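This report describes one structure for a reader who has not seen it before. Please look through the sequence and the model first.

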Amino acid sequence: MHKQIILKPKRDESLKRFHPWIFSGAIAKYTEKPTDGEIVDVLTNDKLFIARGHYQTGSIACRIITFENEEIDEKFWFKRISNAYKLREKLGLVKNEQTTAYRLIHGEGDMLPGLIVDIYGQTAVIQAHSAGMLYERKMICEILNKIYDSKLTAIYDKSSATAPINPDTNVVDEYLLGNKKEDIVLEYGNKFLVNWEEGQKTGFFLDQRENRKILEQYTEKSHVLNTFCYTGGFSVSALRGGANLVHSVDSSQKAIELTQKNIELNFGKNVNHQTFADDAFSFIRNAENNFYDVIILDPPAFAKHNSALKNAIQAYKRLNAAAIAKIKPNGILFTFSCSQAVDKTSFRNAVFSAAAICKRNVRILHQLTQPADHPVNIYHPEGEYLKGLVLYVE
Ligand code: SAH
């Protein structure tokens, strides 16, 4: 018998619409106070079962795992993780010779809130964002081994930066299988060195895969500026598309070194590519006018929380205005926001204001988002975190 959370009157509305979170303010009382990570039953104010999930201290007090009155045991997790695997099979990602890195589990998008699993060749990298998923990681590891028929050679748990810290959870990153720390993966045939121990997030930004592919169509014989380049994903695509010159900018020296390595892996040393360890805002401001045909803006999340929303929108506006002012006539701007708190309309309005400040004709060519291996649970629209626009700037 699980401990129970009893909701305040009418606070079950969002659960009736299958939203997978309960905020602490919606809770009337507990039968007994749960500990972090414990599985709890959620009851309506008149004590009817409505859902079951992981309890957590904080504003999101419960992440719903099921709306059915079913046992949450190894069989249950196996079914959920297999479903995620089957979807990636359907997407053609599992046995793909050209693309060997993909997201296997995308939290709420795979009905596994609080859990991320990325696959890099024969390595799985796990990131738990909740105590509940953190406690399940050994079992998740066993299930991954079963599903991949023991073909995974390493499973790395990288939850120290993402799992909620409380005095009882001493989270260290560790190998649950093997100990390989990096590998070369393929994305549409392009090679990338991924180091999950040292890299950002799980090591690579898989969510830009399809957008990098689109960039390839626009770079022939052009001058390309890739800002916030990290491991140089967009730079590799730009060169693959036939760019005459690519400039990659990131404020982190480490990111610049990774970009350099990835360029060499794909094109050798003698290629028209230069790196700059610099602030992207000032780099763009100091750039020559009308020099770049294509500019990519893929900054980190400016708004991690709703409280930072106003400043974030201003930052998107400034950044986009700087790029729109500099780009060559008839240039192409790829601009992104990965802030969950900034919705599609607000991002678009920020870019709209930026265009208006520059008084240039701007048309939207593509509206971009995250790829299908980062699915959005329709009941959890917040899951659509990546927004992008490809603009034609006259
Ligand atoms: N476009 C990348 C992902 C970008 S992640 C890809 O396709 O993989 C964001 C990057 O922005 C990080 O590498 C971080 O080091 C860099 N960054 C953060 N602030 C910056 C700034 N002010 N100027 C330049 N780079 C910055």
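A polar contact is a pair of N or O atoms within 3.5 Å; within protein, one atom must be able to donate a hydrogen and the other to accept it, and residues adjacent in sequence count only if both atoms are side-chain atoms.

## Basis of the values

The model is predicted: local features need pLDDT of at least 70, side-chain atom pairs count only at pLDDT 80 or more, and totals for chains, interfaces and linings use all residues. Residues are numbered from 1 along each chain as its sequence is written, and side-chain values use heavy atoms, with hydrogens and water left out.

## Around the ligand

There are 15 residues around the ligand, and Arg212, Asp250, Asp279, Ala280 and Asp298 come nearest. A residue is near a molecule if one of its heavy atoms lies within 4 Å of it. By class, the shell around the ligand consists of seven nonpolar, three polar and five charged residues. Here Ala, Val, Leu, Ile, Met, Phe, Trp, Tyr, Cys and Pro count as nonpolar, Asp, Glu, Lys and Arg as charged, and the others, Gly among them, as polar.

A polar side-chain atom of Asp298 lies 2.6 Å from a nitrogen atom of the ligand, and a polar side-chain atom of Asp279 lies 2.7 Å from a ligand nitrogen. The ligand on its own has 580 Å² of accessible area, of which the protein covers 88%. Accessible areas come from the Shrake-Rupley method with a 1.4 Å probe; for residues, only the protein chains shown count as cover.

## Salt bridges

Side chains of opposite charge can pair when their charged atoms come close. A salt bridge is a side-chain nitrogen of Lys or Arg within 4 Å of a carboxyl oxygen of Asp or Glu, and the structure holds 21 of them. One of these joins Glu187 and Arg212, with the closest N and O atoms 2.9 Å apart. This pair links distant parts of the chain, 25 residues apart: Glu187 is in strand β12 (residues 182-187) and Arg212 in helix α5 (residues 209-216). Helices (H or I, at least four residues) and strands (E, at least two) are DSSP runs, numbered from the N terminus. Both Glu187 and Arg212 are buried, where buried means under 20% relative accessible area, exposed over 50%, and partly exposed in between (1.4 Å probe, protein chains only). Arg212 is also among the residues that come nearest to the ligand.

In another salt bridge, Arg209 and Glu210 have their closest N and O atoms 3.5 Å apart. Arg209 is buried because its relative accessible area is 3%, whereas Glu210 is partly exposed at 29%. Asp12 and Lys16 also form a salt bridge, at 3.9 Å between the closest N and O atoms. Asp12 has a relative accessible area of 10% and is therefore buried; Lys16, at 49%, is partly exposed. Lys3, Glu32 and Glu38 are linked in a network of salt bridges.

Phe18 lies in the loop between α1 (13-16) and β2 (21-23) and is partly exposed, at 37% relative accessibility. Together with Ile378 and Tyr379, Phe18 makes a nonpolar surface patch of about 330 Å². Such a patch is made of residues with over 30% relative accessible area and no salt bridge, with nonpolar side chains (Val, Leu, Ile, Met, Phe, Trp, Tyr) joined within 5 Å and like charges within 9 Å.

Most residues other than glycine have a negative phi. Phe18 has a positive phi, near 60°, and Tyr188 also has a positive value, near 45°. Tyr188 is in the loop between β12 and β13 (190-195) and is partly exposed, with 33% relative accessibility.

Thr335 belongs to strand β18 (residues 331-337). Its relative accessibility is 0%, so Thr335 counts as buried. The side chains of Thr335 and Asn320 are joined by a polar contact of 2.6 Å.

Asn96 is in the loop between α2 (74-90) and β7 (101-106), and is partly exposed with a relative accessible area of 24%. The side chain of Asn96 reaches the backbone nitrogen of Gln98 at 2.8 Å and that of Thr99 at 3.0 Å. Asn96 and Val390 are 294 residues apart along the chain, and their C-alpha atoms are separated by 28 Å.
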